[in-house]
Amino acid sequence: MKIFIELCHNKGHCKIFNDSEEYIIHSLAVSPKKLRQGIGTILLNKSENIIKALGENHCALYVKNDNIWVHNWYKRCGYVDTTEKCDFGYTKMIKYFINEK
């Protein structure tokens, strides 16, 4: 079953979809004028909460290999690298919810 959800919050947006294997957080973006105000974190947390409420124990996302700042931000948010490299210079990252309360 394909599910698509779009979230918007104060000059930021994020999409969630299910590719039949797992939920993917896609296109999380914040307006350059609103960076470093917590909007990305709010959108990420809301997306994760929706995915948890759907009964999933993890979610995934893809990060451009050359975007070091965002890659490190996702790591600080609990995501881990996978060995899966994708076309067009992206790396897959996963966050597991198993140990979260």
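**Pocket, salt bridges and a surface patch**

User: Which element gives the most to the lining of the largest pocket?
Analyst: Strand β3 gives the most to that lining, with six residues, and please keep in mind that we are looking at a predicted model.

User: And how much space lies in that pocket?
Analyst: The largest pocket holds about 620 Å³ of space. It is lined by 24 residues, and the closest to its centre are Leu28, Ala29, Val70, Trp73 and Tyr74.

User: Which elements give two or more residues to the lining?
Analyst: Those elements are β3 (23–30), α1 (39–53), β4 (58–64) and α2 (68–76), so both strands and helices take part in the lining of the largest pocket.

User: How do the lining residues divide into nonpolar, polar and charged?
Analyst: In the lining of the largest pocket, 14 residues are nonpolar, seven are polar and three are charged.

User: Changing topic, how many salt bridges does the structure hold?
Analyst: There are three salt bridges in the structure. In one of them Lys92 pairs with Glu22, and the closest N and O atoms are 2.5 Å apart.

User: Is Lys92 buried or exposed, and what about Glu22?
Analyst: Lys92 is buried, and Glu22 is buried as well.

User: What does Glu48 pair with?
Analyst: Glu48 forms a salt bridge with Lys95, where the closest N and O atoms are 3.2 Å apart. Because Glu48 lies in helix α1 and Lys95 in strand β6, this pair ties together parts that are 47 residues apart in sequence. Both Glu48 and Lys95 are buried.

User: And which residue forms a salt bridge with Lys75?
Analyst: That residue is Asp81, and the closest N and O atoms of the pair are 3.5 Å apart. Lys75 has a relative accessible area of 40%, so it counts as partly exposed, and Asp81 is also partly exposed, with a relative accessible area of 37%.

User: Now the surface: which residues form the nonpolar patch there?
Analyst: Tyr62, Phe88 and Tyr90 form a nonpolar patch on the surface, and together they have about 340 Å² of accessible area.

User: Where is Phe88 placed, and why is Phe88 called exposed?
Analyst: Phe88 sits in the loop between β5 (80–86) and β6 (90–96). Phe88 is called exposed because its relative accessible area is 74%, and the cut-off for exposed is over 50%.

Technical notes:
Residues numbered from 1 in each chain as written. Predicted model: local features only at pLDDT ≥ 70, side-chain atom pairs only at ≥ 80, totals over all residues. Heavy atoms only, no water. Patch = residues over 30% accessible without salt bridge, like charges linked within 9 Å, V, L, I, M, F, W, Y side chains within 5 Å. Areas by Shrake-Rupley, 256 points an atom, 1.4 Å probe, with all protein chains shown as cover. Salt bridge = Lys/Arg side-chain N within 4 Å of Asp/Glu carboxyl O. Helix = DSSP H or I, 4+ residues; strand = E, 2+ residues; numbered from the N terminus. Buried < 20%, exposed > 50% of the residue type's maximum accessible area, 1.4 Å probe, protein only. 1 Å grid on protein atoms, 1.4 Å probe; cavity = no way out; pocket = protein on both sides within 12 Å on 5 of 7 lines; lining within 4 Å. Points joined across faces, edges and corners; volume = space filled by probe spheres on them. Nonpolar A, V, L, I, M, F, W, Y, C, P; charged D, E, K, R; others polar.
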